[in-house]
Amino acid sequence: MALETTDTLAWIVVGLFAASALLATRDDYERVARAVAALSWALFALFWALLVPHFWFEQKSVIETALIAAAVPGSLYVAYLVYATRPSLMILSRAVAVMGLIYLPVLTIDSVERALIAMTARHGAWLQNALGYHPQVLTGPTVESSHTGFPHAFLYVVDGHRYLLEVLLACTGIGSISIVAGVIIALRAPVRRRLLALGIAVPVIYGLNVVRVSFIAIAHGNQWFEGALSRRFVELVFSPTQTGITSYYMADRVIAQSLSVVALVALTFVLLRLLPELGTVVRDLLYLATGNEYDVTTRRD
């Protein structure tokens with residue numbers, strides 16, 4: 001029920017962000033556009049607040065929970081700034097509208113979701129085979145404990161024990177792709193450079209995501225991190241309800257998610273070389289995080 005509520009709220013928020021972007025195209029509606037954007041950010045804060053219990057109790061992801069919890073006051077702060085003192089945040093508001101228009105249809109159109117999951121599973125299986133690991137690739141209703149209507153999973157059998165990793169929509173990288181693509185599309189920059197940036201960012205994010213999924217499947221399937229110290233850490237932080245799950249939590253929730261943040265920062269530096277206009281968004285984000293102004297724009301000759 002909570003996720004159904006957030007899905008509905010997400011469409012409302014994206015619609016309001018899109019409305020603010022359209023209003024901002026008219027100079028005489030600039031103040032109204034910022035007011036609508038401020039309302040959008042306030043509702044965005046409510047959206048994130050409703051997701052905190054899901055990521056803490058169900059996903060058991062410390063990093064994602066921390067980021068989502070931080071997004072609540074962060075969104076409220078942006079709501080104030082975009083209306084009162086920092087109109088440059090309209091770019092970020094426009095980016096959120098584009099992100100939503102990319103991501104939400106994927107979430108609601110079964111055929112698109114099914115195709116993305118199947119493609120990620122196929123590429124993940126290929127990579128694991130290339131690395132010398134050969135999981136069984138399960139599809140259809142035979143997959144145990146499927147969370148989706150389009151189950152795909154990697155199964156390793158070690159010493160008679162079955163270790164299963166199901167491929168979900170979150171495994172496709174569409175969330176990160178929609179964020180980066182939304183920001184790139186929202187910038188006021190020449191179309192050629194924006195297309196070039198998209199042509200680099202989208203394949204890189206997807207490729208790294210296939211590596212991430214394959215690493216988690218191999219680590220979990222072969223119990224790479226099943227040690228006393230790791231088990232104690234996972235029990236303390238995540239309180240898992242299953243046995244034999246330590247390697248999964250270490251590979252996914254700790255290592256992969258931490259490296260994903262590093263990869264996103266590195267990609268941002270690369271994109272700044274191609275799109276100096278991205279510096280406005282990065283500068284705004286740094287201001288939100290630190291309260292200080294930074295010059296991160298690198299203009300090319």
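These notebook entries record what I looked up in a predicted model.

**Entry 1: salt bridges**

I began with the charged pairs. Side chains of opposite charge can pair when their charged atoms come close. I noted a count of 8 salt bridges. One of them joins the side chains of Arg86 and Glu293, at 2.8 Å from N to O. Arg86 sits in the loop between α3 (62-84) and α4, and Glu293 in the segment after α10 (278-290), so this pair ties together parts that are 207 residues apart in sequence. I recorded Arg86 as buried, because its relative accessibility is 11%. I also found Arg86, Asp284 and Glu293 linked in a network of salt bridges.

I then turned to Glu277 and Arg193, whose side chains meet in a salt bridge of 2.8 Å, N to O. This pair links distant parts of the chain, with Glu277 in the loop between α9 (246-274) and α10, and Arg193 in helix α7, 84 residues apart. Both Glu277 and Arg193 are buried.

The next pair I looked up was Asp252 and Arg253, which form a salt bridge with their closest N and O atoms 2.4 Å apart. Asp252 is buried at 6% relative accessible area, and Arg253 counts as buried at 7% relative accessibility.

**Entry 2: helix α7**

I examined how helix α5 (residues 110-130) meets helix α7 (residues 191-221): their axes come within 9 Å and cross at roughly 65°. I noted the crossing of α5 and α7 as right-handed. Among the residues that meet there are Met119, His123 and Leu127 in α5, and Tyr206, Val210 and Ile218 in α7.

Arg212 also lies in helix α7, and I recorded Arg212 as buried at 19% relative accessibility, because buried means under 20%. Leaving aside neighbours within four places in sequence, Arg212 is in contact with Ala170, Cys171, Asp252, Ala256 and Ser260.

Pro203 is another residue of helix α7, and Pro203 counts as partly exposed at 48% relative accessibility. I found Pro203 and Ile177 to be 9.0 Å apart in space, C-alpha to C-alpha, and 26 residues apart in sequence.

**Entry 3: a buried serine and a surface patch**

I looked up Ser93 in helix α4 (residues 89-108). At 0% relative accessibility, Ser93 counts as buried. Not counting residues up to four places away in sequence, Ser93 touches Phe17, Ala37, Trp41 and Val82.

Last, I turned to the surface, where Trp56, Phe57 and Val62 form a nonpolar patch with about 310 Å² of accessible area together. Trp56 belongs to helix α2 (residues 30-58), and Trp56 counts as partly exposed at 39% relative accessibility.

Conventions. Residues numbered from 1 in each chain as written. Predicted model: local features only at pLDDT ≥ 70, side-chain atom pairs only at ≥ 80, totals over all residues. Heavy atoms only, no water. Patch = residues over 30% accessible without salt bridge, like charges linked within 9 Å, V, L, I, M, F, W, Y side chains within 5 Å. Areas by Shrake-Rupley, 256 points an atom, 1.4 Å probe, with all protein chains shown as cover. Salt bridge = Lys/Arg side-chain N within 4 Å of Asp/Glu carboxyl O. Helix = DSSP H or I, 4+ residues; strand = E, 2+ residues; numbered from the N terminus. Buried < 20%, exposed > 50% of the residue type's maximum accessible area, 1.4 Å probe, protein only. Axes fitted to C-alpha atoms, helices over the stretch in contact; angles between N-to-C directions. Left-handed = near helix turned anticlockwise from the far one by under 90°. Contact = heavy atoms within 4.5 Å.
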